[in-house]
Amino acid sequence: DKQEEDVLRELRLFLRNVIERLSLDRRFRAFTKPVDTEEVPDYLMVIKKPMDFSTLLTNIDEHKYHTVREFMADADLIWQNALEYNPDNDPIDRHIRHRACALKDTVRAIIRDELDGDFERVCEEIRESR
Ligand SMILES: O=C(C1CCC1)N1C[C@@H]2C[C@H]3C[C@@H](O)[C@@H](O)[C@]2(C1)O3
């Protein structure tokens, strides 16, 4: 109904704003677009569900996320995939993992500081009603 669509529209606005702010952070530049599977031919053998900021945005615009929890499941894939694919004890991998952990902490801090628990509970109620 109208009020419910307004809630889901506010959710999309919030999620787009989160991604916009992450995309402006130079530490997270490697997370903005899908890993180039022509540059990295074994990537899809290792990583079953690739994810990146541009794909999150597309999903938001396709109304794929009805709750922040659903969005977080995909957002977490970005840093989880980075840790999984780049495990080695060399400077490049360690730099990527440092940024992956920074992304994990930054997303959690934004949600903790800016998501109203009552708003997320309304989103969950709407999703369970459908
Ligand atoms: O995992 C990633 C991205 C970093 C966070 C996501 N990649 C896999 C490749 C290994 C490493 C070095 C380059 O080969 C570059 O292509 C990638 C991209 O970084």
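The shell around the ligand has seven nonpolar residues, one polar residue and one charged residue. This is a predicted model.

**The ligand site**

Which residues surround the ligand? They are Ala30, Phe31, Val35, Glu39, Val40, Tyr43, Tyr85, Asn86 and Ile96. By class, Glu39 counts as charged and Asn86 as polar. Both place a polar side-chain atom by a ligand oxygen, as the table shows.

| Side chain | Ligand atom | Distance |
|---|---|---|
| Glu39, polar atom | oxygen | 3.5 Å |
| Asn86, N or O atom | oxygen | 3.0 Å |

How much of the ligand does the protein bury? Taken alone, the ligand exposes 410 Å². The protein buries 70% of that area. The ligand takes up the space of the largest pocket.

**The fold**

The protein has six helices and zero strands. From the N terminus on, the order of elements is α-α-α-α-α-α. Along the principal axes, the C-alpha atoms fill a box of roughly 50 × 30 × 20 Å.

**Aromatic pairs**

Two values describe a pair of aromatic rings: the distance of the centres and the angle of the planes. The structure holds four aromatic pairs. One of them joins Phe31 and Phe53. Why is the pair of Phe31 and Phe53 edge-to-face? The ring centres are 6.4 Å apart and the planes stand at 65 degrees. Planes over 60 degrees apart count as edge-to-face, so the pair falls in that class.

Phe31 also belongs to the ligand's surroundings. It lies in the loop between α1 (2-23) and α2 (43-46). Phe53 is in helix α3 (residues 53-61). The pair therefore ties together parts that are 22 residues apart in sequence.

How values were computed: Residues numbered from 1 in each chain as written. Predicted model: local features only at pLDDT ≥ 70, side-chain atom pairs only at ≥ 80, totals over all residues. Heavy atoms only, no water. Near = heavy atom within 4 Å. Polar contact = N/O pair within 3.5 Å; in protein donor to acceptor, adjacent residues only side chain to side chain. Areas by Shrake-Rupley, 256 points an atom, 1.4 Å probe, with all protein chains shown as cover. 1 Å grid on protein atoms, 1.4 Å probe; cavity = no way out; pocket = protein on both sides within 12 Å on 5 of 7 lines; lining within 4 Å. Sits in = over half its atoms within 2 Å of the grid points. Phe/Tyr/Trp six-rings, centres within 6.5 Å; stacked < 30°, edge-to-face > 60°. Helix = DSSP H or I, 4+ residues; strand = E, 2+ residues; numbered from the N terminus.
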